[in-house]
Amino acid sequence: MLGANPIESLTSGFLLNLELFAVTLLLALPLGLIITFCSMSRFKPLKWITKVFIWVIRGTPLMLQLFVVLYAPGLLFGIPMSSRFTAAVIAFVINYAAYFSEIYRGGIESISVGQYEAGKVLGMTRSQIFFKVVLLQVVKRIVPPMSNEIITLTKDTALARVIGIGEIIMSAERFTKMGLIWPLFSTALYFLVFVGVLSLLFGWVEKKMDYFRV
Amino acid sequence: MAILEVNNLKKNFGNLEVLKGIDFSLEKGESLAMIGASGSGKTTLLRCLNFLERPTSGQIRVNEKVVFDGADARTLSEAEIRKNRLHFGLVFQSFNLFPQYTVLKNCTLAKELMAKERPDFKTNKKQILDEIKTEGEAVLASVGLQEKMDYYPHQLSGGQQQRVAIARALMLQPDILCFDEPTSALDPELTGEVLKVIRGLADKKTTMVIVTHEMQFARDVSDKVLFLDKGMVAEYGSPEQVFEHPKEERTRQFLERYFEQ
């Protein structure tokens with residue numbers, strides 16, 4: 001590995017970043033919605049437990065959460081985490097689901113009560129109102145804040161190196177220690193290109209929903 | 001036979017008594033104009049009729065069938081409330097069209113969703129949906145908007161949006177169509193087209209309850225006028241009675257304030 005070509009090493013490191021990014025997104029997007037429903041529940045205990053959970057997750061560093069997920073199962077229950085990558089996925093999914101849930105909540109609460117009432121007087125059920133009337137309006141509203149959060153996630157994946165995930169920055173640091181500086185700075189290009197692609201994608205999604213106003 | 005009977009309807013919000021025992025009835029084909037100052041309870045009464053608020057006590061009957069009884073402690077299931085609600089249609093002050101759907105889809109959506117519950121929906125899907133679409137086009141034509149059916153709400157003027165909202169409510173053929181200040185959110189030059197549509201419905205003997213501040217319109221169009229004051233029916237009768245010969249001093253004062261303007 002040490003003798004490897006820097007470009008190959010960075011590229012294979014970045015593939016880990018991408019993998020962590022994709023799995024996190026895939027799991028945190030739906031989990032966030034479940035957390036939203038809990039935090040908006042009319043059942044008070046569930047609502048408050050969820051609020052405390054969101055406070056803890058948003059109130060502590062993601063770096064610390066990575067360590068907790070990696071070590072706590074082994075230390076507390078004697079069941080060590082099966083792999084470092086799994087630990088990273090769990091920590092990222094929980095962390096990002098908490099943030100996403102608050103964006104979803106903001107989106108849902110921004111829809112005027114008149115939309116729900118219009119659905120009700122037309123005899124729609126609660127779930128019909130949510131899925132047929134409210135949801136797409138929420139999606140349109142939350143695309144800009146979600147784009148922001150997802151772009152942040154791209155770069156946050158580099159934090160996984162603190163629990164020994166050989167992602168791109170960690171790969172580059174190996175060369176720095178050997179006296180080779182340029183690989184570390186060129187990691188920026190990987191992130192820039194990827195975020196550039198994401199930005200184009202989000203722009204396209206926004207444009208797709210330009211046909212209506214909320 | 002009265003199509004709608006409201007008996008001793010009360011509504012409290014906490015300690016605040018908004019409706020203090022409302023009684024009135026409406027015959028099929030009649031239109032009732034509800035007038036009164038802001039805060040007199042007009043909108044709350046309309047929202048109680050549409051089950052958007054649960055009355056504290058009293059009774060509502062449609063076609064002699066009890067749809068709400070405050071003495072019945074049992075809470076109605078969501079399905080029962082939905083069923084009762086369909087006796088009524090409601091046109092909102094702020095239109096509340098669904099922005100992501102075309103004008104036509106705004107009208108047909110609820111009916112399409114209901115059709116999915118029909119046992120023959122799977123086998124006759126195309127035919128059922130075509131029928132609903134044809135109905136939607138017809139109802140839009142009746143409010144003069146057939147050529148706008150593929151537009152989205154934001155592409156229409158306020159008056160046109162409100163006409164779509166009326167069409168959307170008519171689509172479900174409610175027994176009683178309610179209007180909550182249908183022209184209050186419109187620029188003055190746009191109120192005419194909406195009032196014209198409502199007038200047309202009155203001519204076709206649509207049973208309606210109209211909350212309005214348009215006194216001239218109320219006088220011209222309605223068969224009965226109900227003047228609400230501080231959560232009570234202060235005056236109730238024909239437009240001539242209420243507007244020309246009010247029995248109550250407060251009715252006179254309210255009307256004077258309006259016609260001075």
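Me: Which residue stands opposite B:Gln59 in E5(B)?

Reply: That would be B:Asp69. Keep in mind as we go that this is a predicted model.

Me: How do the two strands there run, and how many bridges join them?

Reply: They run antiparallel: strand E4 of chain B covers residues 57–62, strand E5 of chain B covers residues 65–69, and four bridges join the two.

Me: And what is in the turn of that hairpin?

Reply: Two residues sit between the strands E4(B) and E5(B), and B:Asn63 in this hairpin has a positive phi, near 50°.

Me: Where does B:Asn8 sit, and what is its phi?

Reply: B:Asn8 is in strand E1 of chain B, which spans residues 2–13. Its phi is near 50°, a positive value in a residue that is not glycine.

Me: Why does B:Asn8 count as partly exposed?

Reply: Because B:Asn8 has 14 C-beta neighbours inside 10 Å. To be buried a residue needs 20 or more, while 12 or fewer makes it exposed.

Me: OK, what about B:Lys205: buried or exposed?

Reply: Exposed, because B:Lys205 has 12 other C-beta atoms within 10 Å. Its phi is positive too, about 60°, although B:Lys205 is not a glycine. You'll find it in the loop between helix H6 (188–203) and strand E8 (208–211) of chain B.

Me: Changing topic, how many residues of chain A are in contact with chain B?

Reply: 20 residues of chain A, and they meet 21 residues of chain B. On the chain A side, helix H5 (113–121) and helix H6 (126–156) each supply at least two of the residues that touch chain B.

Me: How do the residues on that side of chain A divide into nonpolar, polar and charged?

Reply: Nine are nonpolar, six are polar and five are charged.

Me: What does UniProt place at residues 10–202 of chain A?

Reply: The unreviewed UniProt entry puts the feature "domain: ABC transmembrane type-1" there. In the model that span is 83% helix and 0% strand, and its end C-alpha atoms lie 26 Å apart.

Me: Where does the record put the feature "transmembrane region"?

Reply: The unreviewed UniProt entry gives residues 20–40, 52–72, 84–101 and 180–205 of chain A. In the model, residues 20–40 of chain A are 95% helix and 0% strand, with the end C-alpha atoms 29 Å apart. For residues 180–205 of chain A, the figures are 92% helix, 0% strand and 41 Å between the end C-alpha atoms.

Definitions and conventions:
Residues numbered from 1 in each chain as written. Chains lettered and ligands numbered in written order. Predicted model: local features only at pLDDT ≥ 70, side-chain atom pairs only at ≥ 80, totals over all residues. UniProt positions renumbered as here; feature names shortened; annotations may be inferred. Pairing = 2+ DSSP bridges. Contact = placed C-beta atoms within 7 Å. Nonpolar A, V, L, I, M, F, W, Y, C, P; charged D, E, K, R; others polar.
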